[in-house]
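The sequence and the structure are shown first, and a description follows.

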Amino acid sequence: CVIHCGAIVNWSKSYRMLRGSNVLGTLSALNFASNKRVKAVQFIATAGGRDDEDSILDDEETKFALAQNALSGYGQTKLVAEALIEKAVAVGLPCQIVRLGFIGWNSTTGAINPNDLLGRLVIGCGQIEKAWEGPCGRS
């Protein structure tokens, strides 16, 4: 079994900058899994990915998704990587997309990645002594 969770998570980098690790890395994992003895692939997806009910993306849908300004370069690479996984399933490679919730701080030590989006939000709120109220004005 291949568990593929390798990606560079950076919300400020472009698709082009992340493509090598996030898209081509997924393609390499699929090539490895399909070489000689077939191995199942467990693909760890982002919480903000597509719904599991969505159909396999065809090339036009992938191009449309990449053209959307609302997606970050990271989001675009994860969308394309998921499309690769789904296409591998369509040709018979045993793959599963696993969606984890947000991965935050260590439950024992309280350590958090200070360069992660969630880490920066928590640290920033502490620095300005304010709590984010959310999109509806609720904390």
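## The sheet

In this predicted model, Val2 has Val41 as its bridge partner in β2. The strands β1 and β2 run parallel and are joined by 3 bridges. On the other pairing of β2 (residues 41–45), 5 bridges link this strand to β3, also in the parallel sense. Val41 has Cys95 as its bridge partner in β3, and Gln42 stands opposite Gln96 of that strand. Strands of a sheet pair through backbone hydrogen bonds, either parallel or antiparallel.

Taken together, 3 strands form an open sheet with parallel pairing, in the order β1-β2-β3. The edges are held by β1 (2–4) and β3 (95–99); each has a single partner strand, so one side of each is left without a neighbour in the sheet. On average, neighbouring strands of this sheet are turned by 20° against each other, direction ignored.

## Faces of the sheet and a crossing helix

In a regular strand the side chains alternate between the two faces of the sheet. For β2, the covered face consists of Val41, Phe43 and Ala45, while Gln42 and Ile44 belong to the uncovered face.

Helix α2 (residues 24–34) lies across β1, β2 and β3. The helix runs at about 175° to β1.

## Overall composition

The secondary structure of the protein comprises 5 helices and 3 strands. Read from the N terminus, the elements follow the order β-α-α-β-α-α-β-α.

The protein has 139 residues, of which 28% are buried. Among contacts in the protein with a separation of 6 or more, 69% are between residues 24 or more positions apart.

## A salt bridge between helix and strand

How many salt bridges does the count come to? The count comes to 1 salt bridge. Glu82 and Arg99 form a salt bridge in which the closest N and O atoms are 3.0 Å apart.

Is Glu82 buried or exposed? Glu82 counts as buried because its relative accessibility is 1%, under the 20% limit for that class. Arg99 has a relative accessible area of 25% and is therefore partly exposed.

## Nonpolar residues at the surface

Val9, Trp11 and Leu117 form a nonpolar patch on the surface. Together these residues have about 320 Å² of accessible area. Leu117 is placed in helix α5 (residues 117–128). With a relative accessible area of 55%, Leu117 is exposed, as the class requires a value over 50%.

Met17 lies in helix α1 (residues 15–22). Its relative accessibility is 56%, so Met17 counts as exposed. The C-alpha atoms of Met17 and Thr77 are separated by 9.8 Å, although the two residues are 60 residues apart along the chain.

## Residues with positive phi

Most residues other than glycine have a negative phi, and most peptide bonds are trans. Which value does phi of Lys36 take? Phi of Lys36 is near 55°, a positive value in a residue other than glycine. Lys36 is found in the loop between α2 and β2. Its relative accessibility of 79% is the reason why Lys36 counts as exposed.

Glu129 also has a phi near 55°, again a positive value in a residue other than glycine. The place of Glu129 is in the segment after α5. Because its relative accessibility is 70%, Glu129 counts as exposed.

Definitions and conventions. Residues numbered from 1 in each chain as written. Predicted model: local features only at pLDDT ≥ 70, side-chain atom pairs only at ≥ 80, totals over all residues. Heavy atoms only, no water. Patch = residues over 30% accessible without salt bridge, like charges linked within 9 Å, V, L, I, M, F, W, Y side chains within 5 Å. Areas by Shrake-Rupley, 256 points an atom, 1.4 Å probe, with all protein chains shown as cover. Salt bridge = Lys/Arg side-chain N within 4 Å of Asp/Glu carboxyl O. Helix = DSSP H or I, 4+ residues; strand = E, 2+ residues; numbered from the N terminus. Buried < 20%, exposed > 50% of the residue type's maximum accessible area, 1.4 Å probe, protein only. Pairing = 2+ DSSP bridges. Axes fitted to C-alpha atoms, helices over the stretch in contact; angles between N-to-C directions. Contact = heavy atoms within 4.5 Å.
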